[in-house]
Amino acid sequence: MTGQKRHITLTVNGRPVSADVEPRRLLVDLLREDLGLHGTHIGCEHGVCGTCTVLRDGASIRSCITFAVQADGAEISTVEGLAQGATLHPLQEEFWEKQGLQCGYCTPGMLMRACEIIERNPDPTPEQVREEIASNLCRCTGYQFITEAVVDAAKRMRADSDSTTGAQT
Amino acid sequence: MKPPPFHYAAPSSVAEAVELLVAHAAAEPRVLAGGQSLIPLMNFRLAQPGHLIDLRNVAELDGIRVDGGVLVIGAMTRQSVVERSPEVALTAPLLAEAVGLVAHAPIRNSGTIGGSIAHADPAAELPAVALALDAELVATGPEGTRTIPAAEFLLGPFSTALRPDEILTEIRIPRRGGGHAFVEFARTHGNFALVGVAAQVEIEAGRVARAAIALTGVAPTAIRATAAENALLGAAPGAETIAAAADAAVTGLTPAADLHASAATRVALARSYVHRALERAISRAQDRR
């Protein structure tokens, strides 16, 4: 009865990965158990809390209600892919500076969700961030510092992209 | 929890998927679309299909086009794609407004329009939109393809006219004029609404020429509020007409009470949300946005 293993190939944080997985293997368990990427957390396991959020081809998804076989051929990004060596991603910098976390359990999901929010809207208002981040639950912060961190990270990322393209502002 | 084991196939055509459904009929096969309802049910082991037929590789099921005034959406089109589609915004703005209320953005990045309609949750938005817009649902099975009117599709909670060996392939939505509105009451942003209302109203020469109203959360399936539609037809679309239609919409409703709300609360919500939906739809129909 046990489902026979399936061979899948995907990209995780830019690295090609191939694995033989049971069809019932959840994407979050592929990441954590098979690939050792423990940054992505498991919370509710039914798609409500958002701490397992990763990017699939740039779009934020719940990895706890996605089978690994559904990610065959996809590009997956996790929180481990954000920093460049010792240099934190602007979102990580801002979450750190603004205290956009207390216990930190929701943080990997918040960061990955924020990546898509800023990708779709490089200049979000606090109201827009609050609306969009409502997909992810935080029981510590009250969201205020998370919202500020995302708005300011977006600002920093716009400045970075202007300086790399040489645009005048 | 983790899902129980199952056999898995990811065919690349509808024909192949139907063959697999027939071949594995004894294993209680289920079709896997985006999985945003089915996988949570499997994680809780409330659903234990022996075989999953994943439609992710069936390219013919993905896409949006307008064909002779009819909006045609492939069943595997993701809700986030429907949400951002100019064709949908122009041809079926009611659908565009409703799809943004389905769960949260990361769920809509995986969830599909066909998956939501075939899942037939009585609280879900998209089956109500299909009902209000007189959509046609195209299904393919071993005997071929047939078209099911939305009014005949929803049979009960999580139950549709799809046969076990049929796959929902396409949603066909005729273009409607006038004004639209989708409004709902949910205790928490992104949760299933207690009550939702879809409305599409056409006005000609100062009179309601056509009205369609569908409700969620007050019956075993999404339902049309036929008495309210009849109350609107031919009437001048003023405050009295709207109030009479809202009363008619809830007359005879016997929603089930549950943890979230009593039957009386659901009836009261339905009345006031029909009111809101009609005000907005009529205002849009009169182009007073």
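Predicted model: local features only at pLDDT ≥ 70, side-chain atom pairs only at ≥ 80, totals over all residues.
Let's start with chain B. In terms of contacts, 22 residues of domain 2 of chain B meet 20 residues of domain 3 of chain B.

So what does the domain 2 side of chain B look like? The elements giving two or more residues to the side that touches domain 3 are α5 (93-99), α8 (125-132) and β8 (154-156) of chain B. Of that side, α8(B) supplies the largest share, with 6 residues. By class, you get 18 nonpolar residues, 2 polar and 2 charged.

There's also a record for this stretch: an unreviewed UniProt entry lists residues 1-178 of chain B as "domain: FAD-binding PCMH-type". Over those residues, the chain is 32% helix and 25% strand, with 48 Å between the end C-alpha atoms.

Now over to chain A. Helix α2(A), residues 90-97, and helix α5(A), residues 144-165, have axes that come within 8 Å and cross at roughly 140°. That angle is why α2(A) counts as oblique to α5(A). The crossing is right-handed. On α2(A), the contact uses P90(A), L91(A), E94(A) and F95(A), while α5(A) brings A149(A), D152(A), A153(A), R156(A), M157(A) and D160(A). Those contact residues divide into 6 nonpolar and 4 charged, with no polar ones.

How values were computed: Residues numbered from 1 in each chain as written. Chains lettered and ligands numbered in written order. Contact = placed C-beta atoms within 7 Å. Helix = DSSP H or I, 4+ residues; strand = E, 2+ residues; numbered from the N terminus. Nonpolar A, V, L, I, M, F, W, Y, C, P; charged D, E, K, R; others polar. UniProt positions renumbered as here; feature names shortened; annotations may be inferred. Axes fitted to C-alpha atoms, helices over the stretch in contact; angles between N-to-C directions. Parallel < 35°, antiparallel > 145°, perpendicular 65-115°, else oblique. Left-handed = near helix turned anticlockwise from the far one by under 90°.
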